[in-house]
Amino acid sequence: MTDIQELLLSRIRDVPDHPKSGVVFKDITPLLADPAAFAALTEALAEISLRHGATRVVGLEARGFILAAPVAIRAGLGFVPVRKAGKLPGATLRQAYDLEYGTAEIEVHAEDLTPEDRVMVIDDVLATGGTAAASLELVRRAGAQVAGVAVLMELGFLDGRAKLTQELGGAPLEALLTV
């Protein structure tokens, strides 16, 4: 394990039985509260974004916003939020996706991405891959190219990577941690 992985992992708190019994929630708020850990995370995600030629980063609501906005600033790239349906004003593109208990929808402003853009999707956790896959569809529907997906941690036991493989179309998926 690398020094950055050890640092990040040491700042993630397990919360048993949240939001329901049997689930161990991965709380990143201690990581965000530690300036050295947050800076290291931002730097690592910015490096990934630049290495893959991104011109914009997309942050997925809500914790993805917290990670992607400073990455965009650090890398000198534009930031575009992908929000839950109904939260953005103006013309949007909307994408539905399946959850284990139903469906959800996300949106992006239609004019925020262009065919010249290469987009790195950033989020805190890759779980089942549904939200990330829907965001990739939105990026492509907006006419932009997918540079990849970068996450703080991947919950390997949920196999979200396998779900994303086809949607990525050869673009990379990078997780700083796999738990």
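1. Ala-62 sits in the loop between strand E3 (56-60) and H4. Helices (H or I, at least four residues) and strands (E, at least two) are DSSP runs here, with numbering from the N terminus. The bond to check is the one joining Glu-61 and Ala-62, which is cis with omega about 0°. Another cis peptide bond runs from His-18 to Pro-19, with omega near 5°. Pro-19 belongs to the loop between strand E1 (13-16) and strand E2 (24-27).

2. Some ground rules before going on. This is a predicted model, where local features need pLDDT of at least 70 and side-chain atom pairs count only at pLDDT 80 or more, while totals for chains, interfaces and linings use all residues. Residues are numbered from 1 along each chain as its sequence is written, and side-chain values use heavy atoms, with hydrogens and water left out.

3. Now the backbone phi values. Asp-17 is not a glycine, yet its phi is positive, about 60°. This residue lies in the loop between E1 and E2. With a relative accessible area of 49%, Asp-17 is partly exposed; buried means under 20%, exposed over 50%, and partly exposed in between (1.4 Å probe, protein chains only). Asp-159, also not a glycine, has a positive phi of about 60°, and its place is the loop between strand E8 (145-154) and H6. A glycine shows up too: Gly-143, which follows H5, has a positive phi near 95°.

4. On to helix packing. Two packed helices are described by the angle between their axes and the distance between the axes. The axes are lines fitted to C-alpha atoms, for helices over the stretch in contact, and the angles run from 0 to 180 degrees between N-to-C directions. Angles under 35 degrees count as roughly parallel, over 145 as roughly antiparallel, 65 to 115 as roughly perpendicular, and the rest as oblique.

5. How do helix H3 (residues 35-51) and helix H4 (residues 63-75) cross? Their axes come within 8 Å, at roughly 65°, so the pair is roughly perpendicular. The crossing of H3 and H4 is right-handed, meaning that the near helix is turned clockwise from the far one by less than a right angle, with anticlockwise being left-handed. Residues making this contact include Phe-38, Leu-41, Leu-45 and Ser-49 on H3, and Ile-66, Leu-67, Pro-70 and Arg-74 on H4. Contact means heavy atoms within 4.5 Å. By class, the H3 and H4 contact has 10 nonpolar, two polar and two charged residues. For the classes, Ala, Val, Leu, Ile, Met, Phe, Trp, Tyr, Cys and Pro are nonpolar, Asp, Glu, Lys and Arg are charged, and the others, Gly among them, are polar.

6. H3 also packs against helix H1 (residues 3-10), at an angle of about 130° and with the axes 10 Å apart. H1 and H3 are therefore oblique to each other, and their crossing is left-handed. Ile-4, Leu-7 and Leu-8 of H1 meet Ala-36, Ala-37, Ala-40, Leu-41 and Ala-44 of H3. That contact divides into eight nonpolar, no polar and no charged residues.

7. Leu-41 deserves a look in your viewer. Leu-41 is part of helix H3 and is buried at a relative accessible area of 1%. Neighbours within four places in sequence aside, Leu-41 is in contact with Ile-4, Leu-8, Leu-31, Leu-67, Leu-152 and Leu-176. Leu-176 is 135 residues apart from Leu-41 along the chain, and their C-alpha atoms are separated by 8.6 Å. Ala-40, also placed in helix H3, touches Ile-4 and Leu-7, again with neighbours within four places set aside. In contrast, Ala-40 and Ala-110 are 70 residues apart in sequence and 32 Å apart in space, C-alpha to C-alpha.

8. Helix H5 (residues 130-141) has 12 residues and spans 17 Å from its first C-alpha to its last, close to the expected 16 Å; the expectation is 1.5 Å times one less than the number of residues. Its buried residues are Gly-130, Ala-132, Ala-133, Ala-134, Ser-135, Leu-136, Leu-138 and Val-139. Ser-135 has 0% relative accessibility, so it counts as buried. Beyond neighbours within four places in sequence, Ser-135 contacts Leu-60, Ile-106 and Val-121.

9. Last pair: H5 and helix H6 (residues 160-168) have axes that come within 9 Å and cross at roughly 10°. That makes H5 roughly parallel to H6. Gly-130, Ala-132, Ala-133, Leu-136 and Arg-140 of H5 make the contact with Lys-163, Leu-164, Glu-167 and Leu-168 of H6. The H5 and H6 contact has five nonpolar, one polar and three charged residues.
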